[in-house]
Amino acid sequence: MSNALDALIEIFTWVGLGGGSLLAFVAVFLLLLDGTWLPARAVVEHVDGGRVVRWFDEHGGVNEAPLSAHDDAKVGSADMADIFYRRGSAHRMRLTRSSPVVRFLSLLAGGVLALGVVAFVVSIVLLFARG
């Protein structure tokens with residue numbers, strides 16, 4: 001039974017540390033690809049095709065983007081909304097600063113790395129407990 005437990009802990013250690021490191025690398029890469037998103041206060045207006053938001057960017061230019069059904073439901077009946085627009089890219093906005101994919105991968109990487117660290121600590125404790 002002891003050998004099976006040691007093998008299981010070893011697997012969790014390597015998968016946790018290796019897989020968590022790989023996921024963290026992918027999350028950082030996607031974060032860099034995502035670019036810089038700046039905050040802005042946008043005006044919500046009704047147009048023929050639905051609702052749009054309009055805002056001023058950092059250079060004073062006016063931008064406009066249509067609201068998706070999800071964003072429209074999140075904004076609700078408000079006349080103004082706090083948004084984030086992408087620097088260097090016209091007419092791109094979202095309601096959150098960071099990408100949901102990057103946030104998910106970051107949390108997943110942290111959890112998998114934590115599993116690897118806990119398994120490593122348990123293996124060290126068992127090594128010294130057995131003498």
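This is a predicted model: local features need pLDDT of at least 70, side-chain atom pairs count only at pLDDT 80 or more; totals for chains, interfaces and linings use all residues.
Author: Let us begin with a term we shall need throughout: a residue is called buried when its relative accessible area is under 20%, exposed when it is over 50%, and partly exposed in between.

Reader: Which two residues are joined in a salt bridge with closest N and O atoms 2.8 Å apart?

Author: A salt bridge is a side-chain nitrogen of Lys or Arg within 4 Å of a carboxyl oxygen of Asp or Glu. Here Arg 130 and Asp 6 form such a bridge, and their closest N and O atoms are 2.8 Å apart. Because Arg 130 belongs to helix H3 and Asp 6 to helix H1, the pair ties together parts that lie 124 residues apart in sequence.

Reader: How many salt bridges are found in the whole structure?

Author: A search of the whole structure finds seven. Another of them joins Arg 94 to Asp 34, with the closest N and O atoms 2.7 Å apart. Since Arg 94 sits in strand E5 and Asp 34 in helix H1, this pair ties together parts 60 residues apart in sequence. Both partners, Arg 94 and Asp 34, are buried.

Reader: And what can be said of the salt bridge between Arg 41 and Asp 82?

Author: In that pair, the closest N and O atoms of Arg 41 and Asp 82 are 3.0 Å apart. It links distant parts of the chain, for Arg 41 is in strand E1 and Asp 82 is in strand E4, 41 residues away. Arg 41 has a relative accessible area of 47% and is therefore partly exposed, whereas Asp 82, at 52%, is exposed.

Reader: Where is Asp 71, and what is the nearest side chain of opposite charge?

Author: Asp 71 is found in helix H2, which covers residues 69–75. This residue is buried and yet has no salt bridge, since the nearest side chain of opposite charge, that of Lys 74, is 6.3 Å away, and the cut-off for a salt bridge is 4 Å. Not counting residues up to four places away in sequence, Asp 71 touches Met 93 and Leu 95.

Reader: How should I read a helix, and how far does H1 reach?

Author: One can compare its span from first to last C-alpha with the span expected at 1.5 Å a residue. Helix H1, residues 2–34, has 33 residues and reaches 47 Å, which is close to the expected 48 Å. Helix H3 has 31 residues and reaches 45 Å, close to the expected 45 Å. After H1 comes Gly 35, whose phi is positive, near 85°, and just after H3 comes Gly 131, with a positive phi of about 80°.

Reader: Which residues of H1 are buried, and what covers them?

Author: The buried residues in H1 are Ile 9, Thr 13, Gly 16, Gly 20, Ala 27 and Asp 34, and what covers them includes E1, E4, E5 and H3. In H3, the buried residues are Val 102, Leu 105, Ala 109, Val 112, Gly 116 and Ala 119, and these pack against H1.

Reader: Which helix gives the most to the nonpolar patch?

Author: Helix H3, residues 100–130, gives the most, with seven residues. The patch covers about 740 Å² of the surface, and its members include Leu 17, Val 117, Phe 120 and Val 121. Val 121 lies in H3, and with a relative accessible area of 43% this residue counts as partly exposed.

Reader: Finally, what is in contact with Val 43, leaving aside its neighbours within four places in sequence?

Author: Val 43 lies in strand E1, residues 37–47, and its relative accessibility of 33% is why it counts as partly exposed. Leaving aside neighbours within four places in sequence, Val 43 is in contact with Val 52, Val 53, Arg 54, Asp 79 and Met 80. From Val 43 to Phe 56 there are 13 residues in sequence, and 9.8 Å in space from C-alpha to C-alpha.

Technical notes
Residues are numbered from 1 along each chain as its sequence is written. Side-chain values use heavy atoms; hydrogens and water are left out. Helices (H or I, at least four residues) and strands (E, at least two) are DSSP runs, numbered from the N terminus. Buried means under 20% relative accessible area, exposed over 50%, partly exposed in between (1.4 Å probe, protein chains only). Lys and Arg count as positive and Asp and Glu as negative; His and the chain ends are not counted. Contact means heavy atoms within 4.5 Å. Patches are made of residues with over 30% relative accessible area and no salt bridge: like charges are joined within 9 Å, nonpolar side chains (Val, Leu, Ile, Met, Phe, Trp, Tyr) within 5 Å. Accessible areas come from the Shrake-Rupley method with a 1.4 Å probe; for residues, only the protein chains shown count as cover.
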